[in-house]
Amino acid sequence: MTETIGTRIRDLRILKNLTQTELTRAAGFKSHVTISRLENDVFKKPKLRTVEKVAKVLGVSTDYLLRGDDIKPAEFPELVRKFLQSRRNVEYLEKHIRSNRLVSLDD
């Protein structure tokens, strides 16, 4: 079965232990019908503002909801941590290379 914006929203909502009504309120919609229609893929091209509101509540990007990127939302914090750590390592090496304090492994 092909994953759609509707299945991604439903799966994330369930993962976050939210009802359609709770997601509706958190996203600022007037009726749970909007969430129901999104989950059932009634909207072929949902409004970007609607997707932005749902994505914010579910803690994912609009890209994830719309395209279903390979990176799952639960992996985001770990990927960000790894990226920041690798960036700090690069900055540390650059600083020490510039100041010639890095000891050669050949010595």
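**Figure 1. Crossing of helices α2 and α4.** The axes of α2 and α4 approach within 9 Å and cross at roughly 110°. In this predicted model, the two helices α2 and α4 are therefore roughly perpendicular to each other, since angles of 65 to 115 degrees fall in that class. On the α2 side, the contact is formed by L23, A26 and A27; α4 contributes K53, V54, V57 and L58. By residue class, the contact of α2 with α4 comprises 6 nonpolar residues, no polar residues and 1 charged residue. Two packed helices are described by the angle between their axes and the distance between the axes.

**Figure 2. Surroundings of K53 in helix α4.** K53 is located in helix α4 and belongs to the contact between α2 and α4. The relative accessible area of K53 is 26%, so this residue is partly exposed, a class that lies between the limits of 20% for buried and 50% for exposed. Apart from neighbours within four places in sequence, K53 is in contact with A27 and F29. The C-alpha atoms of K53 and A26 are separated by 8.6 Å, although these residues stand 27 residues apart along the chain.

Figure 3. L23, T24 and A27 are the buried residues of α2. They span an arc of only 105° around the axis, which places them on the same side of α2. An α-helix has 3.6 residues a turn, so residues three or four places apart point the same way. The face of α2 turned away from the buried side carries the exposed residues R25 and A26. The cover over the buried residues of α2 includes α1, α3 and α4. Just after α2, G28 adopts a positive phi of about 85°.

Figure 4. When neighbours within four places in sequence are left aside, the contacts of T24 are F29, K30, S31, H32 and I35.

**Figure 5. The largest nonpolar core.** The largest nonpolar core of the model contains 15 residues. The residues with the most contacts inside this core are I9, V54, L58, V60 and L65. Two or more core residues are supplied by each of α1 (5-15), α2 (20-27), α3 (33-39), α4 (48-58) and α5 (62-67). The largest share, 4 residues, comes from α4. V54 and L58, both named above for their contacts inside the core, also take part in the contact of α4 with α2.

**Figure 6. Contacts of the core residue L65.** L65 is among the residues with the most contacts inside the largest nonpolar core. With neighbours within four places in sequence left aside, L65 is in contact with I5, R8, I9, L12, V51, V54, A55 and V60. Among these partners, I5, R8, I9 and L12 are buried residues of α1.

Figure 7. The buried residues of α1 are I5, G6, T7, R8, I9, L12 and R13. Elements that cover these buried residues of α1 include α2, α3, α4 and α5. Just after α1, N17 takes a positive phi of about 60°. N17 is situated in the loop between α1 and α2 and is not a glycine. The relative accessibility of N17 is 68%, so N17 counts as exposed, the limit being over 50%.

**Figure 8. D41 in the loop between α3 and α4.** D41 is located in the loop between α3 and α4. The phi of D41 is near 55°, a positive value in a residue other than glycine.

**Figure 9. Overview of the protein chain.** The protein chain has 6 helices and 0 strands, and its elements run α-α-α-α-α-α from the N terminus on. Of the 107 residues in the protein chain, 23% are buried. Among contacts with a separation of 6 or more, 49% are made by residues 24 or more positions apart.

Key
Residues are numbered from 1 along each chain as its sequence is written. This is a predicted model: local features need pLDDT of at least 70, side-chain atom pairs count only at pLDDT 80 or more; totals for chains, interfaces and linings use all residues. Side-chain values use heavy atoms; hydrogens and water are left out. A nonpolar core is a set of buried Ala, Val, Leu, Ile, Met, Phe, Trp, Tyr and Cys residues joined through side-chain atoms within 4.5 Å. Buried means under 20% relative accessible area, exposed over 50%, partly exposed in between (1.4 Å probe, protein chains only). Contact means heavy atoms within 4.5 Å. Axes are lines fitted to C-alpha atoms, for helices over the stretch in contact, and angles run from 0 to 180 degrees between N-to-C directions. Angles under 35 degrees count as roughly parallel, over 145 as roughly antiparallel, 65 to 115 as roughly perpendicular and the rest as oblique. Ala, Val, Leu, Ile, Met, Phe, Trp, Tyr, Cys and Pro count as nonpolar, Asp, Glu, Lys and Arg as charged, and the others, Gly among them, as polar. The arc is that of the directions from the helix axis to the C-beta atoms.
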